[in-house]
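Please examine the sequence and the three-dimensional structure shown below.

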Amino acid sequence: MKEKFNLDSLENIKINKDGSILTITMDRPKAMNALNNDTLTELKEIFDYAKADDSILGIIITGNGKAFVAGADISQMKDYGSEDGRKYANFAQSVFNDIESIEKPVIAAINGYALGGGCELSMSCDIRIASTKAVFGQPEVNLGVIPCFGGTQRLSRLIGVARAKELIYTARLIKAEEALNYGLVTSVVEEDLLLEEANKIMNTILEKAPIAIKYSKVAINTGINLDLKNALELEKDLAALSFGTEDKTEGMNAFLEKRSANFKNK
Ligand SMILES: C/C=C/C(=O)SCCNC(=O)CCNC(=O)[C@H](O)C(C)(C)COP(=O)(O)OP(=O)(O)OC[C@H]1O[C@@H](n2cnc3c(N)ncnc32)[C@H](O)[C@@H]1OP(=O)(O)O
């Protein structure tokens, strides 16, 4: 497994920073961008970097070639026993938890196959948009294992238990339009417009008050795992914090003065 990370020596992922948006391209096309340990390590280190760099305000993840990510790396897992499987799941879950909890918006721009760990990677992002070529599924039972990079939990929460069970038990793959119908993705666009659309959505988000976006993310992601009473308490606490920001004063003054707000992230 990779011990060290250097932005200049990524082997399986490409990154590109354009203004305040970091685009991460999964780039291991000979293996359909499958997530071996090295690729997961690179992804973890990129998110550590994105978390620490205040100039990065939004992140887009996409894939090179026919796949977004075709899942965990089957050739690497084939010799794994129970404890190795647990370790692999633990590592992947921790990377995906980091992606889910980063206090910046993350958009998955799904260009092609998003299977197994690839579908799970997309589900750790805030927003999923798909190209017409995208294909989704959790086919792990074909291989004698269960979705374990968060799939049994995040898929059920996103599309409901009934549909999640049908997809996971049958290993059925669905195309972009069905994923849209299920609410797994929020829009479907032609392949050549995918990144443009992802950037357009991200730029719209980045025009808003950044602290309000951050607290909205925390409220939604944390609240969904709480009972309603405690989730509403959390919402109140985060609302109180947002009312205390300079950007709240600016946003409301701008509305009343009929001008655009100039948010300062304060
Ligand atoms: C805990 C477990 C979690 C999981 O995520 S389990 C994995 C879940 N995912 C899958 O089961 C999908 C596996 N892949 C496929 O079914 C197919 O691929 C596709 C439908 C995505 C594409 O099919 P096609 O266009 O015919 O391409 P190709 O020849 O199958 O793949 C090209 C090369 O990519 C390798 N590859 C594809 N997916 C994986 C993978 N998940 N892990 C390791 N390698 C993979 C293949 O073996 C092959 O390689 P070569 O050219 O050397 O024969």
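This is a predicted model: local features need pLDDT of at least 70, side-chain atom pairs count only at pLDDT 80 or more; totals for chains, interfaces and linings use all residues.

The term "buried" applies to a residue under 20% relative accessible area. Leu10 therefore counts as buried, because its relative accessibility is 18%. Along the chain, 28 residues separate Leu10 from Asp38, and the distance between their C-alpha atoms is 9.6 Å.

The interior may be considered next. In soluble globular proteins, nonpolar side chains tend to be buried together. Here the largest nonpolar core has 48 residues. Those with the most contacts inside this core are Ile24, Leu43, Ile59, Ile61 and Phe136. Helix H3, which spans residues 82–101, gives the most to the core, namely six residues. Apart from this core lies another, of ten residues, including Ile21, Leu194, Ala198 and Ile205.

Which residues does Leu43 touch, not counting residues up to four places away in sequence? With that exclusion, Leu43 touches Ile13, Ile24, Met26, Val95, Phe96, Ile99 and Leu121.

The ligand is the next point of interest. It is surrounded by 19 residues, and the closest are Lys66, Ala70, Ala72, Ile74 and Gly117. By class, this shell has twelve nonpolar, three polar and four charged residues. For Lys66, a polar side-chain atom lies 2.4 Å from an oxygen atom of the ligand. For Ala70, by contrast, the atom concerned is a backbone N or O atom, which lies 2.9 Å from a nitrogen atom of the ligand. A backbone N or O atom of Ile74 likewise lies 2.9 Å from a ligand nitrogen atom. Taken alone, the ligand exposes 970 Å², and the protein buries 62% of that area. The elements that give two or more residues to the shell around the ligand are helix H2 (74–77) and strand E6 (113–115).

Backbone angles provide another way to read the model. Most residues other than glycine have a negative phi. Asn33 has a phi near 60°, a positive value in a residue other than glycine. Asn33 lies in the loop between strand E2 (21–26) and helix H1 (37–52). Is Asn33 buried or exposed? Asn33 counts as buried, because its relative accessibility is 1%. Lys258 also has a positive phi, near 55°. Lys258 is found in the segment after helix H11, which covers residues 246–256. With a relative accessibility of 78%, Lys258 counts as exposed, since that term applies over 50%.

Finally, where is Pro139 found? Pro139 is in the loop between strand E8 (135–137) and helix H5 (151–159). Its relative accessible area is 19%, so Pro139 is buried. Although Pro139 and Gly116 are 23 residues apart in sequence, their C-alpha atoms are 6.0 Å apart in space. Not counting residues up to four places away in sequence, Pro139 touches Leu115, Gly116, Ala171 and Leu173.

Conventions:
Residues are numbered from 1 along each chain as its sequence is written. Side-chain values use heavy atoms; hydrogens and water are left out. A nonpolar core is a set of buried Ala, Val, Leu, Ile, Met, Phe, Trp, Tyr and Cys residues joined through side-chain atoms within 4.5 Å. Buried means under 20% relative accessible area, exposed over 50%, partly exposed in between (1.4 Å probe, protein chains only). Helices (H or I, at least four residues) and strands (E, at least two) are DSSP runs, numbered from the N terminus. Contact means heavy atoms within 4.5 Å. A residue is near a molecule or strand if one of its heavy atoms lies within 4 Å of it. A polar contact is a pair of N or O atoms within 3.5 Å; within protein, one must be able to donate a hydrogen and the other to accept it, and residues adjacent in sequence count only if both atoms are side-chain atoms. Accessible areas come from the Shrake-Rupley method with a 1.4 Å probe; for residues, only the protein chains shown count as cover. Ala, Val, Leu, Ile, Met, Phe, Trp, Tyr, Cys and Pro count as nonpolar, Asp, Glu, Lys and Arg as charged, and the others, Gly among them, as polar.
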